[in-house]
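Student: Can we go through this one together? I'd like to learn where the labels come from.

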Amino acid sequence: MKRTAVLLGLAGAFFLVAAGAAAQNFERLLDKLPPDQRDRLFNQAQEAIDKMAKASADKRQASNKATATMSVNLIKELAQKAEEAFKNGDMAAAYTYYATIVNANVKGVEKLQERARERLTTIEAEALARYNQADIEYRKGERVRCAELLDEVISQFPYCSVAEKSQLFMRRLMAEPKAAADIGFARGMKHEKAEDFH
């Protein structure tokens with residue numbers, strides 16, 4: 001008899017909620033139930049909530065694990081692309097990939113991050129070497145060779161620390177009329193030799 005009353009009470013409560021009854025109506029229904037039935041309903045509701053919370057936590061944990069695995073796989077994929085770009089001389093792309101790897105907040109990729117740091121150091125050193133050589137060429141009066149080296153830094157190493165300095169140096173160099181004419185002529189000859197008339 002009690003069980004039937006509880007079921008009827010639950011059915012009535014759910015019907016009221018489903019029909020869009022106000023929360024106060026539902027509370028009044030609970031207030032009309034005997035204390036033992038009300039306690040039982042609250043216990044069942046608490047168990048359902050706990051079960052739901054556990055299922056949600058388990059799902060979240062599985063999702064986090066899958067995301068971490070996916071992240072590790074993504075970092076490995078980026079490392080492969082970075083190495084390919086580095087070997088092909090595409091330092092701009094390689095730098096971007098390596099920087100992403102170094103800045104990734106992913107566990108289990110420490111060796112890849114260490115390798116990426118080493119590669120970033122190498123790329124940065126190459127850019128610095130070109131910039132320093134450009135400065136030497138400038139002091140020797142070799143404006144065209146200086147411009148070629150600065151162009152390499154600007155185009156191939158745009159994310160390195162000396163890229164902006166190279167742009168400023170190039171502007172200063174191109175402000176010299178004779179240097180600008182010689183550099184323009186040299187660039188034109190280079191394009192003509194490459195049959196690049198665009």
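Student: What share of the contacts in the protein chain between residues at least 6 apart in sequence join residues at least 24 apart?
Tutor: That's 50%, where contact means heavy atoms within 4.5 Å. Keep in mind that this is a predicted model, where local features need pLDDT of at least 70 and side-chain atom pairs count only at pLDDT 80 or more, while totals for chains, interfaces and linings use all residues. Residues are numbered from 1 along each chain as its sequence is written, and side-chain values use heavy atoms, with hydrogens and water left out.

Student: Why is C146 called buried?
Tutor: Buried means under 20% relative accessible area, exposed over 50%, and partly exposed in between (1.4 Å probe, protein chains only). C146 has 0% relative accessibility, so it counts as buried. C160 sits at 6%, so that one is buried too.

Student: And what makes R119 buried or exposed?
Tutor: Its relative accessibility is 14%, so R119 counts as buried. Leaving aside neighbours within four places in sequence, R119 is in contact with E83, F86 and Y98.

Student: Which helix holds R119?
Tutor: Helix α5, residues 110–139. Helices (H or I, at least four residues) and strands (E, at least two) are DSSP runs, numbered from the N terminus. The protein chain has eight helices and zero strands.

Student: How many disulfides are there?
Tutor: A disulfide is a pair of cysteine sulfur atoms within 2.5 Å. By that rule, the count is zero.

Student: How much of the protein chain is buried?
Tutor: Of its 198 residues, 26% count as buried.
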